[in-house]
Each structure stands twice: as C-alpha cells, then as structure tokens.
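Hello,

Here is the structure we talked about handing over. My notes follow it.

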Amino acid sequence: MKPGSTPMKAVLALGLSLALVTSAATNSHGLNGTATTVSITAVSGFAGHAFVYAQVSDSTFTYPAPTGTGHQSPFFSEWVAESIASASCPFIWAVYVFDRATNKQINAPTPDAPSPNFGTTTIRCASPSASPVDQPPQVDAAARLDLDLQVTVSPTMAAAGSPSVVSAVLSSALTEDLNLYLSMAVEEWSVTSWSVDFGDSQVTTLNGGVGTSIQVPHVYQAAGGYDARVVAFISGHAQAAVYDRYGTVHLMRRPFSVEVGNHAIATARTRPSRSYWPPRATVGVVPYLGMAIGGPPATAFRHIDGLRGALTSLSVELLIVREAQLAIDGVSQGFGRSRLTAWRLDGPPSDAPAGSGTTPGVSHSAGDLMRLQWNSPDRIVGGQPQDYLVPVTLFVETRFPDGHVASYVIASSFSVSVNFAAESG
Amino acid sequence: MPTLILVFALAVDMASLQMQKLRLRYAVDLATVTAATAVDERYYSQTGRLQLDPLIATAITREFLMRNLNGMPGIPVPAQIAAAADISVVNHPPAADPYTHARLDRPAVCARIRVPYRFALLGWIGLKVVDLTVAADAEIRT
C-alpha cells in the first residue's frame with residue numbers, strides 16, 4: 001500500500017457519496033458578470049409519489065434597466081402619471097416606449113382603441129405591488145413537478161387462471177416561478193418506459209410512447225396474494241430563464257430523470273374445482289325375432305324373454321339411470337347428455353349357429369344389432385330357474401354443459417329368461 | 001257262444017276306439033304344437049315378453065287340425081271337425097287350460113275337438129256311435 005493512498009480514497013468516497021445523496025445537477029454560469037446556479041433535485045419514490053424540484057439562483061441580480069450611461073439598451077421609456085377616477089386605482093402610469101435608434105414610439109395604440117386613450121398600450125396601476133419598477137428583485141425561482149402514481153388490479157380478487165388487469169395512472173401537478181428576473185420551468189417531460197412486476201416472478205416492460213397510463217392484462221396461475229408493482233421511468237428537462245440587465249433572456253436547460261412507483265395487492269383465489277360426474281347407465285335391449293320393425297322403440301329392457309332355439313336380434317340401447325353432471329366447487333351446474341357410441345359383448349359365445357351370432361370381445365357401433373340364441377332353458381338352481389346373464393360393455397360419450405366431452409366405459413348386463421320347451425297337455 | 005262273440009266284439013271295438021282316440025290325440029297335439037310357434041313379434045319387441053298372436057295361432061291350429069285329420073279313418077269331413085274345434089290362446093299365465101284344466105306356466109294354445117266314433121261290432125247290440133272329445137295344449141316354442 002502506498003503512503004497517502006488512504007486520504008485519497010477517503011476524498012473519493014466522500015465525493016461519490018455526495019454525488020449519490022443528491023441527484024441534483026448543479027451548475028454555475030457566468031452571465032455578464034452574474035453568478036447563476038441551476039439545481040435540479042429529482043426524488044424518486046416507490047410509494048406512489050415522486051417529485052422534481054428545480055431551482056435557479058442569481059445572487060447578483062440587476063434591474064432590467066440599469067442606471068448610468070455605461071450601458072444603453074435599444075429602447076427607453078417615459079413614465080407619465082395620469083389621474084383617473086377610480087377608487088381602487090386613483091392614478092396610473094402611462095408608459096411610452098421608444099426605439100432609441102429611431103426615436104419612434106413602439107407601443108402606440110391603434111386609432112380605434114377604446115377610451116380612455118392615453119396614447120400608449122402600456123398602462124399600469126401605480127401601486128407598489130403592481131408596478132414593475134417597485135417589484136422587489138428575486139434571487140431565486142423554483143419549479144416543482146409532483147408525480148403521483150396510482151396502481152390498481154382489477155378484479156381485486158380473481159380466480160386463479162382467469163385474466164386480471166394491472167392498471168397504472170400517472171397524475172402530475174406543476175408549479176413554476178415565472179417572473180421578471182428569474183424563471184424556472186419544467187417542460188417536455190414524459191414517461192419513457194413502464195416496468196410492471198406482477199408479483200409472481202413475471203415482469204413486463206413497456207417502452208416508448210406509452211402515455212401516462214397503462215393497462216396490462218395478466219393471468220395469475222396459482223392461488224395466493226400478489227404484490228403487483230409498477231414503476232414509471234420519467235425524463236424531461238427543467239429550463240431556467242435568466243434576464244440580464246438589458247432584458248435579454250438566457251435559457252439554461254437541464255435534463256432530469258425520476259422514477260415513481262406504486263403497488264397494489266392482487267389476490268388469486270383457488271381455481272374453482274370443476275368436476276365431471278360420470279353418468280350412471282345400464283344396457284337395455286329391444287328384442288326382434290325377425291327383422292327390426294320400424295324405428296327405434298321408446299323402451300329398452302334389462303330383462304327379456306328368450307325364445308329357445310330362435311336367433312334373436314337385440315337392439316342395444318343406453319338406459320340412463322342418472323345423467324352425468326357438471327359440478328363447480330361441488331355445486332351442480334347442469335346435466336350432460338350421454339349417448340352410446342359403441343358396445344361389446346362379453347362373456348361366452350351364445351348358441352347361435354356359427355357365423356350368424358355376435359362374437360364376444362368385438363366392439364360394435366351403437367346401431368349394430370346383437371344376435372344371440374339360447375338353445376337350453378334356464379338352469380334350475382335350488383328349484384328356481386336361473387336366468388341367462390349377458391354381460392355387455394358400453395362405450396358412452398357425454399357432452400357437458402360447458403362443452404367438455406368425456407368418454408366412459410360402463411360394464412353392464414341384461415338377463416334373459418329361456419323357458420322349457422313346449423308341453424302338450 | 002253268443003256271449004263269446006259279444007266279448008270278442010267288445011274287445012275289438014274298444015281296441016279300435018282307443019286307437020282312434022290316440023290318433024285324434026296326436027292330431028290335436030301336433031296342431032297345437034305347430035301353432036305354439038306363432039309368436040307375436042311386435043308385442044315381443046314392445047315389451048320384451050313372449051306371447052302368442054291369437055289370430056295366427058288359432059288359424060294355424062285349425063289348419064293343422066284339418067291336415068292331421070285328413071285321411072284319418074272314421075273322419076269323413078275333417079274340415080268340419082276342424083272348423084268346429086274349440087281353440088283358445090292363453091297369453092297371461094299362470095292360468096288353467098280351459099279344456100283340460102291343466103296348469104299353464106307360459107303362453108299356450110289350447111284346442112279341443114269332438115269326433116263321432118262309430119262302433120263296428122257293438123252296433124249289433126244297438127251301441128252304434130259315441131262322441132270322442134280330445135283336448136291338448138302347447139306352450140309357446142320355436
């Protein structure tokens with residue numbers, strides 16, 4: 001370590017700290033012997049408010065029309081007191097301004113000017129507060145731009161997965177000093193970009209020409225509370241006007257940038273649970289001994305008589321016990337509509353002659369007829385006839401009120417009574 | 001000797017009577033069995049239950065009665081007997097055969113015919129003709 005490096009570092013650190021503490025831009029300029037200082041303080045805020053303060057100081061102010069003969073302005077004036085019958089202003093100053101080069105009056109009124117006509121367009125009530133001559137000079141002029149940012153999330157509470165909108169509106173209030181000696185103004189400011197942190201690790205940046213309000217749609221995918229933060233990045237210029245003793249204005253323009261942020265709480269509640277309750281259905285059959293008669297009948301049966309030794313055609317139908325239901329958060333929102341798309345005969349093959357009966361294990365479309373035959377009567381078990389049980393697998397498609405379509409496989413069966421052969425008495 | 005001849009005539013005529021009755025029984029029986037296939041198909045599709053078509057079953061019974069009686073000895077006009085036959089279709093079991101009172105567990109067709117039987121030898125002693133009544137039923141089948 002070199003000797004003397006520590007004091008050097010301390011000085012550098014102090015300078016850096018001062019630069020960081022104030023973001024002001026402080027400049028001094030000499031204007032014909034005057035010392036003018038323009039300072040800008042831009043205070044960013046992330047709780048909804050920020051401001052920019054600009055100040056111009058001229059400690060060696062001068063009157064616009066200096067005394068003496070060392071300097072001559074291009075114009076000169078004559079002030080004449082005129083009495084008028086007014087309670088608020090007993091007399092006025094009539095000011096006649098002439099061009100020094102031509103000695104001609106430059107503020108003469110037009111011929112059709114209303115009375116009273118004092119021969120000049122510049123008249124001023126002779127009161128201490130209104131007379132520019134009597135106005136005390138000012139050493140400071142300031143301008144202040146207040147920025148307020150309001151952030152909202154709409155709706156405040158939305159279901160997870162549903163769209164929300166993060167809105168931000170920037171409002172401003174501007175106060176400026178504009179007077180004879182010094183003026184300070186803030187102008188040409190705008191939002192250069194917006195940053196939106198939705199609070200769920202997603203961030204969006206909007207650049208350029210975005211105005212003073214934004215509306216950003218967003219979808220919170222998971223339930224929970226989110227702190228949506230919006231920051232507006234603003235830049236502009238502060239301009240000071242300093243008049244020299246000749247009335248010539250000198251403009252001093254300084255850039256500034258400031259950030260204003262705010263936040264809003266968004267709550268995403270749990271995504272509503274959508275339940276699709278399957279239908280409860282069984283198989284029903286309509287028997288035909290010959291060809292199917294006409295269109296589909298209104299009733300299908302879970303139990304039929306079987307004619308022993310006869311090839312029986314069966315139209316397979318879907319018997320709805322309870323239709324499928326759509327439930328949201330456990331509350332029924334309506335019934336679905338189920339239809340049979342296919343069926344499959346399970347179990348052993350029937351007694352139908354080879355090639356004429358329905359083969360088990362093969363899926364058939366809904367309109368196909370099942371062809372079965374029973375050559376033996378019901379078995380007698382415990383003295384009671386035991387019906388044939390025909391297992392069938394149903395393939396069902398259900399369309400729910402919200403458009404959701406689900407497919408279900410339902411195992412079912414129907415029974416057949418086949419009695420003994422004819423008896424003669 | 002006359003007694004012996006009488007006994008012989010009785011034996012012959014009774015045997016012939018029994019044979020005729022057996023033929024008639026077969027005729028009625030087969031006619032009802034044939035008619036028991038007349039399933040009411042529309043009713044079956046509409047209800048899933050089997051029953052007989054009364055009109056068709058009755059017509060089939062009469063037709064096959066007539067066919068079965070045709071050519072049978074001692075039946076001069078089979079169509080007349082078939083037309084006069086009592087035929088009932090019972091579609092709501094359990095029920096009783098209206099002619100034999102037999103219990104019916106399934107839809108059935110029931111028939112009864114009356115056929116005169118003329119004795120060959122007993123006519124000598126004045127016993128010329130008796131009416132034979134034969135009934136049968138058949139439950140539904142293919």
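Across the interface of chain B and chain A, five residue pairs are in polar contact, both residues at pLDDT 80 or more. A polar contact here is a pair of N or O atoms within 3.5 Å; within protein, one must be able to donate a hydrogen and the other to accept it, and residues adjacent in sequence count only if both atoms are side-chain atoms. Three elements of chain B give two or more residues to the side that touches chain A: helix H1 (2-35), helix H2 (41-47) and strand S5 (129-139). Helices (H or I, at least four residues) and strands (E, at least two) are DSSP runs, numbered from the N terminus. H2(B) gives the most, with six residues. By class, this side of chain B has eight nonpolar, five polar and nine charged residues. Ala, Val, Leu, Ile, Met, Phe, Trp, Tyr, Cys and Pro count as nonpolar; Asp, Glu, Lys and Arg are charged; the others, Gly among them, are polar.

The ground rules are these. This is a predicted model: local features need pLDDT of at least 70, side-chain atom pairs count only at pLDDT 80 or more, and totals for chains, interfaces and linings use all residues. Residues are numbered from 1 along each chain as its sequence is written, chains are lettered from A and ligands numbered from 1 in the order in which they are written, and side-chain values use heavy atoms, with hydrogens and water left out.

Back to the interface. 22 residues of chain B are in contact (heavy atoms within 4.5 Å) with 22 residues of chain A. The two chains bury about 1900 Å² between them, 53% of it on carbon and sulfur atoms. That area is the accessible area (1.4 Å probe) that two parts lose on being put together, summed over both.

One salt bridge is counted between chain B and chain A. The term means a side-chain nitrogen of Lys or Arg within 4 Å of a carboxyl oxygen of Asp or Glu. B:Arg49 pairs with A:Asp305, the closest N and O atoms being 3.2 Å apart.

Both residues turn up again at the second largest pocket. Of its 17 lining residues, A:Asp305, A:Asn419, B:Arg49, B:Leu50 and B:Pro107 lie nearest its centre. The lining divides into six nonpolar, five polar and six charged residues.

Over all chains, the structure holds 12 salt bridges. Among them, A:Glu188 pairs with A:Arg253, with the closest N and O atoms 2.3 Å apart. This pair links distant parts of the chain: A:Glu188 is in strand S10 (residues 182-197) and A:Arg253 in strand S14 (residues 249-269) of chain A, 65 residues apart.

Now the backbone. Where are the cis peptide bonds? One joins A:Ser154 and A:Pro155, with omega about -10°. A:Pro155 lies in the loop between strands S7 (140-154) and S8 (157-159) of chain A. Another joins B:Pro93 and B:Pro94, with omega about 0°. B:Pro94 sits in the loop between strands S1 (86-90) and S2 (95-96) of chain B.

Positive phi values also occur in residues other than glycine. A:Asp329 has phi near 55°. B:His101 has phi near 65°, in the loop between S2 and strand S3 (103-104) of chain B.

Best wishes

Methods: 1 Å grid on protein atoms, 1.4 Å probe; cavity = no way out; pocket = protein on both sides within 12 Å on 5 of 7 lines; lining within 4 Å.
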